[in-house]
Amino acid sequence: MDLELKNKVALVTASSKGLGKAVAFELAREGAKVVICARDKNTLEKTAEEIRNATGTEVLSVVTDLTKAEDIKNLVKDTITKFARIDILFTNAGGPPPGQFMEFNDEDWKNAFELNLLSVVRLCKEVIPYMQRQGGGRIIHSTSISVKQPLENLVLSNSLRAGVIGLSKTLANELGPDNILVNAVCPGATATERLENLVKARVEREGISEEDAKRGWTDAIPLGRLGTPEEFANLVVFLASEKASNITGTAIQVDGGFYKGIL
Ligand SMILES: NC(=O)c1ccc[n+]([C@@H]2O[C@H](COP(=O)([O-])OP(=O)(O)OC[C@H]3O[C@@H](n4cnc5c(N)ncnc54)[C@H](OP(=O)(O)O)[C@@H]3O)[C@@H](O)[C@H]2O)c1
């Protein structure tokens, strides 16, 4: 299947590692030009080089802290300066800290809001006018399986990501006439550094072994294993492609069957 992604310009945020990196990689393999960002310059540049060497595509890396409005403006400005358009926006950021409701104060909630909801709002505000002028585009919001089934000890994630789904569905309705398709993807437990950190937090909190903490995730997954970042990225690539031209306003999980609801 030709996904018709060659020479499309994709802005993929929080992408020096984990899910974002896998999405940038798989889009690049399909011939898209990719813009990647993260806070740590060294890791970011290493990832950019890795993608260039493996795919031969153009990669722009922009050091960005997604909690800063100015950084987001610069990220989009640099993308336009380099590539003159943005066809695909994949919104993603680091995860908020794990913990239970009574552990967090107002500051924690504000930080999680800035990282996981306001950053998405700001990215969309900056990018949508370009997509409107170009005659269309794709926006894919990365959230979490927690939007369908709240996860234990992750109250900040459970709460803020639901807001992203509300935004995503609203944008799908508002931007359909502009030929901008908006979808959300909901990763389940996927083998990345973030998941390793969640496992460590559980080991410390519950005094259990690392193996038992991991089993806490995999036992609830019918496929009996963690997902890979590439498996997640494959769905994003499809949604970004011309083959997904009638799909907008959805929220699709990639979770090995973890989610137990019917729809
Ligand atoms: N892995 C899973 O199982 C899973 C499941 C559901 C949802 N999620 C969510 O998906 C997102 C990505 O997870 P992951 O597993 O890919 O995490 P990861 O492996 O820890 O990678 C996170 C990436 O985000 C970047 N980042 C973090 N904070 C940032 C900021 N303020 N500004 C710019 N970049 C930032 C990191 O680079 P720097 O640190 O250098 O900035 C890194 O490139 C998180 O929100 C996570 O909660 C993950």
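Where does aspartate 255 lie? Aspartate 255 is found in the segment after β7 (251-254). The model described here is predicted.

**Aspartate 255**

Aspartate 255 counts as buried, at 10% relative accessibility. Its side chain reaches the backbone nitrogen of glycine 257 at 3.0 Å. When neighbours within four places in sequence are left aside, aspartate 255 is in contact with Ile145, Gly188 and Ile221. Aspartate 255 and proline 187 are 68 residues apart along the chain, while their C-alpha atoms are separated by 5.9 Å.

**Threonine 190**

The loop between β6 (180-187) and α6 (193-206) holds threonine 190. A polar atom of the threonine 190 side chain lies 2.7 Å from the backbone oxygen of glycine 188. Apart from its neighbours within four places in sequence, threonine 190 has contacts with Leu19, Leu195, Gly227, Thr228 and Pro229.

The structure contains zero disulfides. The closest cysteine sulfur to that of cysteine 37 belongs to cysteine 124 and is 14 Å away, so the two are too far apart for a bond. Cysteine 124 likewise is in no disulfide, the nearest cysteine sulfur being that of cysteine 37.

**Accessibility**

The table gives the relative accessible area of the residues discussed.

| Residue | Relative accessible area | Class |
|---|---|---|
| Threonine 190 | 7% | buried |
| Aspartate 255 | 10% | buried |
| Cysteine 37 | 0% | buried |
| Cysteine 124 | 4% | buried |

Why does threonine 190 count as buried? The relative accessible area of threonine 190 is 7%, and the class requires a value under 20%.

Definitions and conventions. Residues are numbered from 1 along each chain as its sequence is written. This is a predicted model: local features need pLDDT of at least 70, side-chain atom pairs count only at pLDDT 80 or more; totals for chains, interfaces and linings use all residues. Side-chain values use heavy atoms; hydrogens and water are left out. Helices (H or I, at least four residues) and strands (E, at least two) are DSSP runs, numbered from the N terminus. Buried means under 20% relative accessible area, exposed over 50%, partly exposed in between (1.4 Å probe, protein chains only). A polar contact is a pair of N or O atoms within 3.5 Å; within protein, one must be able to donate a hydrogen and the other to accept it, and residues adjacent in sequence count only if both atoms are side-chain atoms. Contact means heavy atoms within 4.5 Å. A disulfide is a pair of cysteine sulfur atoms within 2.5 Å.
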